[in-house]
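This report describes selected features of a protein model, covering its sheet, a helix crossing and its aromatic rings. The sequence and structure follow.

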Amino acid sequence: MQARGDNLFSVMKAFANSSKLLTAQERESFRATGGGSKGERPVFFDYFAQFMVFYSRRQALVFHSIPLAIFLLMPVLLRLPNGSLLHSFRSYCDFFKGLLFHASGIILAILFPVTFSILRLMFARQSMNWFANPYLAFLLFVPCSLVGLLVPRFFWRQFPLSQDVNALALSREELADEARFWGAFGFYSLLTMAYLVSGLSGGFVTFLLSAFMLPAWICFYLSTKFFGHQSLRSTACYVIPLVPCLTYSVYFGGFLAVFLIEKMGMTGSHPPPYGYFVPDAIVAAVVGLVTGWCFGPLLPVVGKWLTKSSIVLFLLHGSVLALAVSSQLFPYSKDAPKRIVFQHTVQTRDSNQILDASFDFAVVDSNSLMFVFEHAPEVAKELHGNRELSFDTVKQSDLETWKGIFPISALFSRSLKFPTKTEEISKLYRYFPHITARSPVITDEGSRRVNLEFSTGSLKEVWVAVLNITGPLSNWSFANNTVPAPVKVGNRPPSYICRLSGSSHENWTFWLEASSSEPLRVDIAVVDLYLTESTKKLKGLFPSWMDVTTFTSFMSSYVF
């Protein structure tokens with residue numbers, strides 16, 4: 001919402017004003033008359049935010065099949081004057097070779113920037129240098145992606161033809177260009193059909209590429225009759241019809257890459273040692289993919305101009321220059337902050353006893369808490385004094401500590417726990433969240449029903465309460481008596497989680513039903529947005545480019 005609010009508002013406005021917008025009754029009537037089905041996902045996209053293209057899945061089945069049909073028929077149609085099935089079969093072989101050559105270029109366009117990103121991080125002090133500077137991701141990964149795209153053409157300048165040049169009265173260059181083009185065309189048509197068969201509603205980008213490549217090739221083929229294959233005019237006749245499609249590919253691919261970069265700051269910290277490389281590898285792969293579909297359609301004809309040693313060396317030097325520039329840029333800023341989760345954890349028993357209290361910290365990207373404390377020395381000193389601070393000298397908190405914000409806690413891989421005093425909590429709160437049994441246990445046909453009452457105590461700004469129930473639970477009074485699938489939190493056995501949002505002046509009353517005499521364990525975690533003075537002081541010590549989400553979590557356990 002913060003980054004793309006204007007775009008989201010425009011999309012919602014377009015949907016709200018659409019003539020295809022139906023009420024619930026109209027939708028049911030539409031399905032009943034066979035006009036639509038529940039599992040159908042239409043294909044829709046906008047062209048430079050000027051107009052929207054929308055067509056149903058049935059129409060997509062027809063439209064998206066046309067490029068593949070053309071690819072499969074072309075060897076027969078091109079060799080029809082010769083009347084030989086052998087010639088058509090050899091054309092098929094060359095076209096599939098061209099398809100494999102093009103596919104290998106796209107794959108290398110993805111693998112080269114991924115490899116480059118991993119090598120870069122082996123000598124860097126922090127990852128995600130592109131997070132605050134999205135242009136850096138393109139500067140880093142586009143040149144080496146282009147190198148990967150050109151590698152097959154660079155090393156195999158002579159296309160291995162299966163067709164007989166003398167029998168067809170065509171030059172070797174003409175047959176090679178033909179095989180490369182139809183191979184690329186077949187690659188995009190197969191991708192389009194793969195999207196459709198897999199049930200996804202995309203595929204429009206590759207469909208547009210194949211749709212625009214066909215008239216571009218016709219223009220190129222006709223221009224070669226006048227200017228020849230080696231003429232820049234013939235190349236221009238191929239490129240110009242592709243301009244509307246390529247500009248849209250750049251627009252859509254650039255938006256996709258920037259959107260992904262913005263989200264990398266909150267995708268989670270993955271376990272070491274490989275988690276450090278994950279965000280850079282993902283962004284490198286996406287930029288490589290975008291580069292592939294933006295430059296790929298040009299390769300069959302323009303490739304011979306780009307696979308010169310001087311151009312490849314220029315791209316390699318550009319990658320090295322981008323590496324030097326990236327080392328001078330910091331990965332975060334006020335507009336692209338480092339996100340930290342700071343929880344004041346209070347372990348309680350019953351309604352008025354405190355067992356333990358601590359400050360717990362976690363991050364949601366690949367730069368660990370050691371990076372945070374290195375750039376926030378005042379925080380490190382306040383928490384740990386002048387002693388050495390590392391993952392070996394500080395106790396790590398487990399995932400159960402973060403039950404109050406489940407499932408966000410799944411984004412954490414290594415979080416740290418610092419003990420703190422409990423006197424301030426005792427002064428602020430008279431009663432803590434607790435559960436009491438309201439009536440005796442009722443036994444019925446081997447099952448036990450426990451009637452319980454849950455109180456949030458004297459908490460000030462309750463955001464959410466989480467009940468984590470472990471044991472032979474067969475039914476409960478929540479969610480229309482529907483027990484969800486069990487989930488696993490940390491090293492604990494599978495359990496059932498219920499979230500109660502907001503605060504209430506009245507206590508929550510509910511019942512749990514067990515299928516056996518084994519005890520039911522109920523862990524509660526209540527998140528209070530009110531902060532103590534010591535918590536506010538500690539939060540204020542973080543730099544302005546760190547976005548610290550802070551709250552207090554009260555946790556306790558009961559067995560019934």
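Strand S10 (residues 462-470) and strand S14 (residues 521-528) pair in the antiparallel sense over eight bridges; pairing requires that DSSP finds at least two bridges between two strands. Within this pairing, Thr470 stands opposite Arg521 in S14. The model is predicted, so local features need pLDDT of at least 70 and side-chain atom pairs count only at pLDDT 80 or more, whereas totals for chains, interfaces and linings use all residues. Residues are numbered from 1 along each chain as its sequence is written, and side-chain values use heavy atoms, with hydrogens and water left out.

S10 and S14 belong to an open, mixed sheet of eight strands, ordered S5-S6-S4-S3-S15-S14-S10-S12. Strand S5 (396-397) and strand S12 (496-501) stand at the edges; each has a single partner strand, so one side of each lacks a neighbour in the sheet. Strands (E, at least two residues) and helices (H or I, at least four) are DSSP runs, numbered from the N terminus.

Among the helices, the axes of H5 (residues 85-121) and H8 (residues 172-197) come within 7 Å and cross at roughly 65°. H5 is therefore roughly perpendicular to H8 (65 to 115 degrees). Axes are lines fitted to C-alpha atoms over the stretch in contact, and angles run from 0 to 180 degrees between N-to-C directions. The crossing of H5 and H8 is right-handed, that is, the near helix is turned clockwise from the far one by less than a right angle.

A search of the whole structure finds 37 aromatic pairs. Rings of Phe, Tyr and Trp (its six-membered ring) pair if their centres lie within 6.5 Å; planes under 30 degrees apart count as stacked and over 60 as edge-to-face. Two of the pairs are tabulated below.

| Pair | Centre to centre | Angle between planes | Class |
|---|---|---|---|
| Phe181 and Trp182 | 5.0 Å | 80° | edge-to-face |
| Tyr558 and Phe560 | 6.3 Å | 15° | stacked |

Tyr558 is buried at 9% relative accessibility, whereas Phe560 is partly exposed at 22%. Phe181 and Trp182 also belong to one aromatic cluster with Phe95, Phe185, Trp217, Phe220 and Tyr238.

Charged side chains also meet rings. Arg414 lies over the face of Phe391, at 3.8 Å from the ring centre. The charged end of Lys460 sits over the ring of Tyr530, 5.5 Å from its centre. The criterion is NZ of Lys or CZ of Arg within 6 Å of the ring centre and within 35 degrees of the ring normal.

Definitions and conventions:
Buried < 20%, exposed > 50% of the residue type's maximum accessible area, 1.4 Å probe, protein only. Parallel < 35°, antiparallel > 145°, perpendicular 65-115°, else oblique.
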